[in-house]
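Here is a short briefing for a first look at this structure. Please keep the sequence and the 3D view open while you read.

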Amino acid sequence: MTPKQEEAIFKKLDELRIELPSWAFANTGTRFGKFIDASAATTIEEKLADAAEVNRFTGCCPSVAVHVLWDFPNGVESAAPAAQAAEKLGVRIGSVSPNVFQDQEYKYGSLANPSADIRKKALDHILDSIAIAKAAGSRDITPWFTDGSNYPGTAHMRQHKRWFEAGLRTAHEALSPDQRLLIEYKPFEPAVYHTDIADWGMALVLAKAAGNQAKVLVDTGHHYQTQNIEQIVAWLLDENMLGGFHLNDRRFADDDLTLGSIDPYQVFRIFHEICFFEWEQGRPADVAIMVDQSHNLKPKAEEMLQTVMMAQNIFAKAAIVDHARLTREQAACNLIDAEECMQDAFQTDVRPVVEEWRRMRGLAANPLKAFRESGYLSRVIAERAGRAQAVSSYA
Ligand SMILES: [Mn+2]
């Protein structure tokens, strides 16, 4: 490791902010059932406390993403108290996700429901979510839509597109100048024949139709097998249309597994596109790095620490790619040498430098170990024993 590489890693780690999802600290499961974790959080206060603990040991997770239906049952009235609770714990409320897929009315869709009344109900909820975000001091509103159909011929796909354009445009008009609307896509599930916002192209078209504060959100689990996610990231960066990420890993479909647990090189290739862009442009990419995972078997807070440490390590690897050399080798069509630029960085053990960065910032060299030694987990298990642990936020 050269001093220049160490400096590049320190700079990247200083800049890196990772947003944690409130729902990752609650009991979750699959459609087959839910297993109860004795340490799982059930209230927004408990979720914030757990997230704050992860931030305390990693120093890079100052915000918590929330789901309106699960975290703000009283709507906008819940926003200010939650923001205050977060502030007391040294974190803040991050992106706000509306929930327009769980109520019975949404059986046949939300913004693209054939019923004008239900389209309005969905839109009103999104407008409430924007108001909640304003009251909580949040920048990003991150809707995910399940609209689509299960059988050919059962939905008017062009009409659905137009309803989405109209709904998102109205939502966009309610944004304050500093807020953003991030449009997430997913190829299938729960709809299994067609999904209205199935891929990044559809999300891009809708974001452009909505207005210039709308961008695309890339959830790494929301792609077909073998799809080149880093190319999508490169194109969206070049179009100034990449709003952020929902990071997770997967094996089969949208598995919401721990980042980098299955394919760390895929994560590296995505982070490389961000670092390469920043090197070329001479400025950081304005991209929200958020985690969207569901830990139905692992202990929640520990799994989140594992995720954050993995993200830091892989970002550190991506930060030491020799971009000048890479550009030269690409231009000369030196395929092996260009690829070696990537492999050299990916195969470097950056952990000692990341640990050094933590020590310099007054953090524990190993956040997971320090968390385990802190006794937090046994304390909350005792505190939360006997609560309504069956409360679960994950559909
Ligand atoms: Mn997501």
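Predicted model: local features only at pLDDT ≥ 70, side-chain atom pairs only at ≥ 80, totals over all residues.

Asn240 is exposed, with 11 other C-beta atoms within 10 Å. Residues are numbered from 1 along each chain as its sequence is written.

**Backbone details**
- Asn240 sits in the loop between helix H8 (229-238) and strand E11 (242-247). Helices (H or I, at least four residues) and strands (E, at least two) are DSSP runs, numbered from the N terminus.
- The phi of Asn240 is positive, near 55°, and Asn240 is not a glycine.
- Asp256 also is not a glycine, and its phi is positive at about 55°. Asp256 is found in the loop between E11 and helix H9 (264-281).
- Is Asp256 buried or exposed? Asp256 counts as buried, with 23 C-beta neighbours inside 10 Å.
- A cis peptide bond runs from Glu189 to Pro190, with omega near 5°. Pro190 belongs to the loop between strand E8 (180-184) and strand E9 (194-195).

**Overall build**
- The protein chain has 15 helices and 12 strands.
- Its C-alpha trace spans about 60 × 55 × 40 Å along the principal axes.
- The radius of gyration of the protein chain is 21 Å, which agrees with the value near 21 Å for a compact globule of 395 residues. This radius is taken over C-alpha atoms, and the globule rule is 2.2 Å times the number of residues to the power 0.38.
- Of the 395 residues in the protein chain, 44% are buried.

**Core**
- The largest nonpolar core has 102 residues, and Leu20, Ile183 and Val216 have the most contacts inside it. H10 gives the largest share of this core, 11 residues.
- Such a core is a set of buried Ala, Val, Leu, Ile, Met, Phe, Trp, Tyr and Cys residues joined through C-beta atoms within 7 Å.
- Beyond its neighbours within four places in sequence, Val216 is in contact with residues including Ile183, Trp200, Leu236 and Gly243. Two residues are in contact if their C-beta atoms, placed from the backbone, lie within 7 Å.

**Helix H10**
- H10 (residues 300-319) has 20 residues. Of these 20 residues, 17 are buried.

Note on methods
Expected span 1.5 Å × (residues − 1). Buried ≥ 20, exposed ≤ 12 C-beta atoms within 10 Å, placed from the backbone.
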